[in-house]
Amino acid sequence: MDDVVFARVLHVLGVVLWIGGVAMVTWVLLPSLARMESATDAMAFFTRFRQRFAAQARMTTLLVGLSGFYMVHALNAWSRFLQWQYWWMHAMVLIWLLFSVMLFVMEPRARRQVAAVAASKQISSDAFVKIQRKHLMLLVLSLMTIAGAVAGSHGWLIAAN
Ligand code: HEM
């Protein structure tokens, strides 16, 4: 059982670093960049920042996924995916898949495109409003998942009938 506790410790540490970073980007960094005078300079800064954050987020995403699937295996909890009371299990995997696609497929592609666009034309300031909206949506989904996972894994489940 100690191995499950250890996996849980790694899982939660990964979630804190990863989703905590998303919260900081959404509520602190993006609003500050949107208020900068030059949207082109702000985008250049954001591109460098995102590159570093994405590298860290890739590691934490891997850690969360590995520890998560290890726990599913060790707790023999695969059947939960067939029970809607465990909606937070589906939500965890969904969030993880969404971020994995973004970090491993879309982010490297977007970085190349933004660099090309930034070199050729001016960036409009509502670019940040759009980016912030997307981050906020992912953050709200992640926070709901975290709340559901903590409540559910400590026994607070919706009654099955
Ligand atoms: C591949 C993806 C994932 C898998 C397979 C997975 C699996 C698990 C499992 C098996 C547990 C333990 C449940 C129990 O003790 O009954 C757990 C707990 C938890 N997971 Fe995940 N998870 C994944 C991704 C995520 C993500 C993306 C988040 C955050 C958005 C997250 C947040 C949590 C939290 C907060 C707990 C509760 C820890 C506690 O209070 O003890 N997980 N996860």
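Where in the chain is Asn76 found? Asn76 sits in the loop between α2 and α3, and we will come back to this residue below. The structure you are looking at is a predicted model.

**The chain as a whole**

- Starting at the N terminus, the order of elements is α-α-α-α.
- The C-alpha trace spans about 55 × 30 × 25 Å along its principal axes.
- The chain has 161 residues, and 19% of them count as buried.
- If you take contacts between residues at least 6 apart in sequence, 90% of them join residues at least 24 apart.

**Helix α1**

- The 33 residues of α1 should span 48 Å at 1.5 Å a residue, and this agrees with the 47 Å between its end C-alpha atoms.
- Follow α1 along to Val25 and you will find a bend of about 40°.
- Buried residues of α1 include Ala7, His11, Gly14, Val15, Trp18 and Ile19.
- Further along α1, Val25, Thr26, Leu30 and Leu33 are among the buried residues too.
- α2 and α4 are among the elements that cover the buried residues of α1.

- Among the buried residues of α2 are Ala42, Met43, Phe46, Ala57 and Thr60.
- Thr61, Val64, Ser67 and Gly68 are also buried in α2.
- Asn76 follows α2 and has a positive phi, near 50°.
- That positive value occurs in a residue other than glycine.
- Most residues other than glycine have a negative phi.
- Asn76 counts as exposed because it has 8 C-beta neighbours inside 10 Å, and the cut-off for exposed is 12 or fewer.

**Nonpolar cores**

- The largest nonpolar core contains 13 residues, and Val15, Trp18, Trp88, Met89 and Met92 have the most contacts inside it.
- At least two residues of this core come from each of α1, α2 and α3.
- α3 gives the largest share, six residues.
- Another core lies apart from this one; it has seven residues, including Val25, Leu33, Ala42 and Phe46.
- In soluble globular proteins, nonpolar side chains tend to be buried together.
- Which residues does Trp18 contact, leaving aside its neighbours within four places in sequence? Trp18 is in contact with Ala57, Thr60, Thr61 and Val64.

**Around the ligand**

- There are 23 residues around the ligand, and those that come nearest are Gly68, Met71, Met92, Ala149 and Ser153.
- α1 (2-34), α2 (39-74), α3 (87-120) and α4 (126-153) each give two or more residues to this shell.
- By type, the shell residues divide into 16 nonpolar, six polar and one charged.

**A closer look at Ser153**

- You can find Ser153 in helix α4.
- Is Ser153 buried, exposed or partly exposed? Ser153 is partly exposed, because it has 16 other C-beta atoms within 10 Å, while a buried residue needs 20 or more.
- From Ser153 to Ala34 there are 119 residues in sequence and 39 Å in space, C-alpha to C-alpha.

Conventions
Residues are numbered from 1 along each chain as its sequence is written. This is a predicted model: local features need pLDDT of at least 70, side-chain atom pairs count only at pLDDT 80 or more; totals for chains, interfaces and linings use all residues. A residue is near a molecule or strand if its C-beta atom, placed from the backbone, lies within 6 Å of it. Helices (H or I, at least four residues) and strands (E, at least two) are DSSP runs, numbered from the N terminus. Ala, Val, Leu, Ile, Met, Phe, Trp, Tyr, Cys and Pro count as nonpolar, Asp, Glu, Lys and Arg as charged, and the others, Gly among them, as polar. A nonpolar core is a set of buried Ala, Val, Leu, Ile, Met, Phe, Trp, Tyr and Cys residues joined through C-beta atoms within 7 Å. Two residues are in contact if their C-beta atoms, placed from the backbone, lie within 7 Å. The expected span of a helix is 1.5 Å times one less than its number of residues. The bend at a residue is the angle between axes fitted to the seven residues ending there and the seven starting there.
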